[in-house]
Amino acid sequence: MNTALIILLVFGLFIFMSSFFTVKQQSSVVIERFGKFLSVRNSGLQLKIPIVDRIAGRVNLKIQQLDVIIETKTKDNVFIKMKVSVQFKVIQEKVYDAFYKLEYPHDQITAYVFDVVRAEVPKLKLDDVFERKDDIAIAVKRELNEAMTTYGYDIINTLVTDIDPDIQVKNAMNRINAADREKTAAEFEAESSRIRIVAKAKAEAESKRLQGQGIADQRREIARGLVESVEVLNNVGINSQEASALIVVTQHYDTLQAIGADANSNLILLPNSPQAGSDMLNNMVASFTASNQVGEMMKKHNKKVEKPKPIQPQSGYEDDIQPEIKE
């Protein structure tokens, strides 16, 4: 008797304990009574009739993510693999539809993603697929929302997270990009070279201008010094020809001395014989003398030549023609 009572008490306690169950946060529990839908229980401690009621299933209300990998081709016949991430959740007010109307929601979502992507991508070229991936994601979300809302699912977002063309296509795209960058680099290098050449030409032109100005100033000062030297020599009784010759000879020997003092000089002054100075002096004196003689002869010749006098008209002739002019 005691054993049967103990067994009855244990069975009763088990039945009592099975009447209570808990539902976790962000989830719902579907309760059936004899196989028929009874109610949806939310988070917290819940009560059901033992043996009569049973838990048919639990529905997750959290946001879930489904990654779908699709292989398709573009308008320019390039095969690519795309990874589309779909973020979705069950609408709390439509737990019944999500539990009973759709048995495999992941497969249903995958089918819709395949359908939309393979309808949109073949309209675009490969470069446009990379540029307009957000448009593809929006189109997928729009189609999924229209279809899955009926089954109690809300599409939160869709993201095209990866676009992977064939390895040969990627290599070709990298070569095109590299060639384009090399072209841009060559254009910049050419422009840089042009700027350097122009700047160098301007610097050389400015240098030549300043060098010419310096040479002109140097020659001007040399001429002024020669004039002063000639005047000093004239004051001591040396005429201009002899003074000029003396200055030239002095400069000649100064030049030879400067060349000899510089060990690294490669300048050769011709002629460079010992009698070169005297020959130069004699030639200069002779040339000055000849020029003076030519000048004196031209002056004498100009004095002998007289200018022709203008012809005066005769008075008789003038009287003869005057009446005719008056008539």
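Colleague: How do strands β6 and β7 pair, and over how many bridges?

Modeller: In this predicted model, β6 (residues 64-73) and β7 (residues 79-90) run antiparallel and pair over ten bridges. As one point of reference, Q65 stands opposite Q87 in β7.

Colleague: How many residues sit between the strands in that hairpin?

Modeller: There are five residues between the strands, and N77 in this hairpin has a positive phi near 60 degrees.

Colleague: Is N77 buried or exposed?

Modeller: N77 counts as exposed because its relative accessibility is 54%, and the cut-off for exposed is over 50%.

Colleague: What about Q26, where is that one found?

Modeller: Q26 is in the loop between β1 (20-23) and β2 (27-33). Q26 is not a glycine either, and its phi is positive, about 60 degrees. With 39% relative accessibility, Q26 counts as partly exposed.

Colleague: Changing topic. How many residues are in the largest nonpolar core?

Modeller: That core has 34 residues, and V113, V117 and I136 have the most contacts inside it. Several elements each supply at least two of its residues: β6, β7, α2 (95-100), α3 (105-120), α4 (126-131), α5 (133-148) and β8 (153-165).

Colleague: Which residues does I136 touch?

Modeller: Leaving out residues up to four places away in sequence, I136 touches M82, V117, V121, L124, V129 and V160. One of these, V117, is also among the residues with the most contacts inside the core.

Colleague: Which nonpolar residues form a patch on the surface?

Modeller: The patch is formed by L13, F16, M17, F20, L45 and L47, with about 650 Å² of accessible area together. Helix α1 (2-17) and strand β4 (44-47) each supply at least two of the patch residues. The largest share, three residues, comes from α1.

Colleague: Take L13. Buried or exposed?

Modeller: L13, which lies in helix α1, counts as exposed because its relative accessibility is 52%.

Colleague: On to charges. How many salt bridges does the structure hold?

Modeller: The structure holds seven salt bridges. One of them joins R132 and D135, whose closest N and O atoms are 3.3 Å apart. Another is formed by the side chains of K133 and D134, at 3.7 Å from N to O.

Colleague: How accessible are R132, D135 and K133?

Modeller: R132 is partly exposed at 41% relative accessible area, and D135 is partly exposed at 40%. K133 also counts as partly exposed, with 32% relative accessibility.

Colleague: And what is the N to O distance between E191 and R194?

Modeller: The side chains of E191 and R194 meet in a salt bridge at 2.7 Å, N to O. They are three residues apart in helix α6 (residues 167-235), so about one helical turn separates them. E191 is partly exposed with a relative accessible area of 36%, and R194 is partly exposed with 44%.

Colleague: Why do such pairs form at all?

Modeller: Side chains of opposite charge can pair when their charged atoms come close.

Colleague: Where is V248?

Modeller: V248 is in helix α7 (residues 240-261). V248 is partly exposed, with a relative accessible area of 26%. The C-alpha atoms of V248 and L226 are separated by 9.8 Å, while the two residues are 22 apart along the chain.

Colleague: Last one, the whole chain. How many helices and strands are there?

Modeller: The protein chain has nine helices and eight strands. Of its 327 residues, 21% count as buried. The accessible surface comes to about 24100 Å², and 56% of that belongs to carbon and sulfur atoms. Among contacts with a separation of 6 or more, 63% are between residues 24 or more positions apart.

Key. Residues numbered from 1 in each chain as written. Predicted model: local features only at pLDDT ≥ 70, side-chain atom pairs only at ≥ 80, totals over all residues. Heavy atoms only, no water. Pairing = 2+ DSSP bridges. Helix = DSSP H or I, 4+ residues; strand = E, 2+ residues; numbered from the N terminus. Core = buried A, V, L, I, M, F, W, Y, C linked by side-chain atoms within 4.5 Å. Buried < 20%, exposed > 50% of the residue type's maximum accessible area, 1.4 Å probe, protein only. Contact = heavy atoms within 4.5 Å. Patch = residues over 30% accessible without salt bridge, like charges linked within 9 Å, V, L, I, M, F, W, Y side chains within 5 Å. Areas by Shrake-Rupley, 256 points an atom, 1.4 Å probe, with all protein chains shown as cover. Salt bridge = Lys/Arg side-chain N within 4 Å of Asp/Glu carboxyl O.
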